[in-house]
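Subject: Structure handover

Hello,

Here is the structure I promised to pass on. Please open it first, then read my notes below.

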Amino acid sequence: MTDVLIVDALSAGTGLRRSSRDSIGCGPRTIAGIFEKHGIMCKILRVESLLETPSKVRRFDHLAVSAMTMDLPVVKQVFTIWRKNRSRRKILLGGPIASDPMGVLKEIKPDVLVIGEGEETLDELIQEGFLNDKVDLGGFKGVAFSDKSGPIVTSPRSLIPANKLWSEFVPSSTRIVDYPAYQASKVYVETIRGCSNFRRTSLPLPDGRECTDCGNCDSSDPAIRTYCPEDIPPGCGFCSVPSVWGEPRSRDSGSIVKEIEELLNLGVHRIVLEAPDFLDYMREGMPLTNPCEPKANIAEISHLIRRITDLPQMVAGEAHLAIENMKACLFTEDVALALSGVLKSTSPNIGIETGSESHSKQIGKCGSPQDVIRAVRLAREYDMNPFVYFIYGLPGDSPETVEESIACMKTLADAGADRIILYGFRPLPSSAFADFSAPTSTNPLAEQLREAATRINRDKKTDYIGLVVRGIAAEPSWERHGFTMIYPLNEGPIITVEGGYSSGTLLDVKIIDILSPGLLLGEVL
Ligand code: SF4
């Protein structure tokens with residue numbers, strides 16, 4: 001029996017996950033599902049845990065690493081550890097990091113780099129005996145590798161049709177237990193792959209490509225929207241989802257509910273339905289390349305959520321269901337009404353990126369900042385706690401757009417946004433903005449946005465003081481001896497409390513202080 005170690009290096013950067021520590025993505029469990037399908041034993045390890053105890057690699061035959069573009073430094077460290085201990089065993093690398101195969105192969109040399117949608121490729125590699133024999137990798141689609149002649153990238157693989165994707169490649173539920181504090185973490189369950197925004201940026205790209213206004217992006221024919229004569233990748237300029245994963249492919253409700261049922265039975269308390277835009281779920285349109293028309297499929301969305309919230313742990317109030325990403329232009333009153341009817345409290349995450357109407361159009365966003373303000377008001381009216389996402393350092397930023405964004409942040413806070421989340425722009429391979437530079441740490445425009453967002457979030461957090469929150473004990477605090485980290489059962493900031501509590505314990509916590517923008521101090525009642 002072959003044992004495979006799957007290393008979850010997603011978002012670890014240079015080695016320590018600073019954000020999203022309470023989140024478990026679905027990619028590594030999807031990989032585990034493929035090994036399990038072939039009867040191969042596997043285990044998932046967070047990269048931090050491997051760096052802490054490198055000897056853990058010794059009991060495994062092969063290594064599979066899942067990582068993002070920003071994680072190259074930590075992946076290098078993992079490869080060094082592996083090669084020192086298990087020099088002749090196979091290394092597979094995949095995930096968003098593979099979208100720049102030549103760049104990756106120049107820096108590190110996995111035995112195989114799985115590019116793009118990896119399920120079918122990994123399935124074939126296992127079937128053909130890649131793990132234990134020498135196979136001709138040149139015969140596989142969607143891989144890259146190095147041989148004596150140098151780096152080789154094979155022809156791309158087509159995206160997997162929805163019916164095959166969701167029926168043949170089922171994520172492993174059981175491997176959730178490999179994650180520390182999985183009982184308290186947000187566990188993401190994939191519901192849709194791909195995005196319906198096939199508009200494009202109108203900003204000139206560094207290599208000279210520029211929109212010539214052919215009209216395809218606004219065509220009423222969904223098939224015409226997929227083609228750009230200037231070869232500009234579809235979607236918001238900073239995002240690679242439509243160009244890598246294509247239009248949305250929704251997963252059937254039976255398969256989603258089964259996975260969630262298994263996870264809850266294993267002790268998970270917090271489920272997040274993962275989707276680039278949840279409101280694309282089962283939306284009609286072939287291909288689905290118009291982000292705002294037709295409207296969301298409320299019947300299918302309600303049916304799915306009702307099936308999940310009818311599970312015993314949800315009914316008993318011991319588990320929480322969250323939906324994150326939603327596009328403002330699809331978030332109508334009917335949607336708010338339907339969601340509030342089946343979910344107790346939720347925080348729709350709405351991306352605005354910039355508060356400037358003209359900048360929003362330039363970067364290829366669907367909808368407008370006014371749509372986001374309207375959606376936030378609606379969400380608040382229906383007792384939801386919306387989070388709004390901005391990006392600093394975007395191509396096209398100027399003192400004027402930043403001024404408009406700051407004004408927009410204030411309007412959003414007044415309209416009921418619970419939190420303003422600010423991300424730094426990163427040039428992602430396969431996105432339209434791939435060749436732009438990331439903002440420097442001293443960017444004065446970024447600093448203005450950061451200050452405005454921090455001020456708003458601090459003011460909002462004072463609302464937490466005195467609140468009693470249902471939380472789940474996660475792990476001992478790294479920074480405060482004798483304290484335990486508590487993750488909120490519903491959405492909200494992480495809390496630390498004095499005392500030791502075993503992972504998974506449900507507690508009622510009173511918030512007594514704000515320690516930092518992302519951390520509250522509480523006392524257990
Ligand atoms: S398809 Fe390309 S050229 Fe045509 S409008 Fe869209 S971005 Fe411009």
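**Strand β4 and its sheet**

His62, Ala64 and Ser66 point one way from β4, Leu63 and Val65 point the other way, and all are buried. Buried means under 20% relative accessible area, exposed over 50%, and partly exposed in between, with a 1.4 Å probe and protein chains only. In a regular strand the side chains alternate between the two faces of the sheet. β4 is mostly covered, with five of its five residues buried.

Some background before going on. This is a predicted model, where local features need pLDDT of at least 70 and side-chain atom pairs count only at pLDDT 80 or more, while totals for chains, interfaces and linings use all residues. Residues are numbered from 1 along each chain as its sequence is written, and side-chain values use heavy atoms, with hydrogens and water left out. Helices (H or I, at least four residues) and strands (E, at least two) are DSSP runs, numbered from the N terminus.

What does β4 pair with? Strand β1 (residues 3-8) runs parallel to β4 (residues 62-66), and five bridges join them. Two strands pair if DSSP finds at least two bridges between them. Leu5 has Leu63 as its bridge partner in β4. Asp8 has Ser66. Four bridges join β4 to strand β5 (residues 91-94), again in parallel. There, Val65 has Leu93 as its bridge partner in β5.

The open sheet has seven strands in the order β3-β1-β4-β5-β6-β7-β8, with mixed pairing. Its edge strands are β3 (41-46) and β8 (150-153), and each pairs on one side only. The twist averages 20° from one strand to the next. Axes are lines fitted to C-alpha atoms, for helices over the stretch in contact, and angles run from 0 to 180 degrees between N-to-C directions.

**The barrel**

Five strands close into a barrel in the order β17-β18-β19-β21-β20, with mixed pairing. Here the twist averages 50° from one strand to the next. Strands β17 (residues 468-476) and β18 (residues 483-488) run antiparallel and are joined by five bridges. Glu475 stands opposite Met485 in β18.

**Two packed helices**

The axes of helix α14 (residues 399-415) and helix α15 (residues 444-461) come within 10 Å and cross at roughly 5°. That makes α14 roughly parallel to α15. Angles under 35 degrees count as roughly parallel, over 145 as roughly antiparallel, 65 to 115 as roughly perpendicular, and the rest as oblique. The residues of this contact (heavy atoms within 4.5 Å) divide into ten nonpolar, two polar and two charged. Ala, Val, Leu, Ile, Met, Phe, Trp, Tyr, Cys and Pro count as nonpolar, Asp, Glu, Lys and Arg as charged, and the others, Gly among them, as polar.

Is Lys327 buried or exposed? Lys327 counts as buried because its relative accessibility is 11%. Lys327 sits in the loop between β13 (320-323) and α11 (333-342). Leaving aside neighbours within four places in sequence, its contacts include Cys195, Asp277, Asp280 and Cys366.

The residues around the ligand include Arg200, Cys211, Asp213, Tyr227 and Glu230. A residue is near a molecule or strand if one of its heavy atoms lies within 4 Å of it. The shell divides into six nonpolar, three polar and three charged residues.

Best wishes
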